[in-house]
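The sequence and structure are shown below.

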Amino acid sequence: GDIYTEGEALVEAHCKNEMMKCFREGVESLAQNTEGEKHIHSILNTLAEYWGLYEIEKCKADLLQEGYVTKSSLEFVASKMSALRKVIRREAVPLVDAFGFSDQ
């Protein structure tokens, strides 16, 4: 492939990895003393897991071609994403409402 394109892909992957690492560290640093805090921690962990799987899904062709994943592992990714969407869907309105944006 094009060296410039491959270099861009590596830079993008590195940046996404760093963002994911910072997000995970932020979630892990949250207090979990009350049921509400535990719930927030849980849903943010779910969002982080979904984000990671989404990134794998997004570049699955390249990962498969280069031998980083197998077809069966990609099937697992798709199945896990489907299950996580059900969890996230139940939390979508409260998550958006937490930002305080007006519905008007």
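This is a predicted model: local features need pLDDT of at least 70, side-chain atom pairs count only at pLDDT 80 or more; totals for chains, interfaces and linings use all residues.

H2 and H4 are oblique to each other, because an angle counts as roughly antiparallel only over 145 degrees and theirs is about 140°. Helix H2 spans residues 35-58 and helix H4 residues 71-97, and their axes are 9 Å apart. The crossing in which H2 passes H4 is left-handed.

On the H2 side, the residues in contact are His 39, Ile 43, Thr 46, Leu 47, Glu 49, Tyr 50, Leu 53, Tyr 54, Ile 56 and Glu 57. They meet Leu 74, Val 77, Lys 80, Met 81, Leu 84, Arg 85, Val 87, Ile 88, Glu 91 and Leu 95 of H4. By class, the residues of this contact comprise 13 nonpolar, 2 polar and 5 charged.

The model has 2 aromatic pairs, listed here with their geometry.

| Pair | Centre to centre | Between the planes | Arrangement |
|---|---|---|---|
| Phe 23 and Trp 51 | 6.0 Å | 85° | edge-to-face |
| Phe 99 and Phe 101 | 6.0 Å | 15° | stacked |

What does the pair of Phe 23 and Trp 51 tie together? Phe 23 lies in helix H1 (residues 3-28) and Trp 51 in helix H2, so the pair ties together parts that are 28 residues apart in sequence. Phe 23 is partly exposed, at a relative accessible area of 29%, and Trp 51 is also partly exposed, at 24% relative accessibility.

In the stacked pair, Phe 99 counts as exposed, with 62% relative accessibility. Its partner Phe 101 is exposed as well, at 61% relative accessibility.

Key:
Residues are numbered from 1 along each chain as its sequence is written. Side-chain values use heavy atoms; hydrogens and water are left out. Axes are lines fitted to C-alpha atoms, for helices over the stretch in contact, and angles run from 0 to 180 degrees between N-to-C directions. Helices (H or I, at least four residues) and strands (E, at least two) are DSSP runs, numbered from the N terminus. Angles under 35 degrees count as roughly parallel, over 145 as roughly antiparallel, 65 to 115 as roughly perpendicular and the rest as oblique. A crossing is left-handed if the near helix is turned anticlockwise from the far one by less than a right angle, and right-handed if clockwise. Contact means heavy atoms within 4.5 Å. Ala, Val, Leu, Ile, Met, Phe, Trp, Tyr, Cys and Pro count as nonpolar, Asp, Glu, Lys and Arg as charged, and the others, Gly among them, as polar. Rings of Phe, Tyr and Trp (its six-membered ring) pair if their centres lie within 6.5 Å; planes under 30 degrees apart count as stacked, over 60 as edge-to-face and the rest as tilted. Buried means under 20% relative accessible area, exposed over 50%, partly exposed in between (1.4 Å probe, protein chains only).
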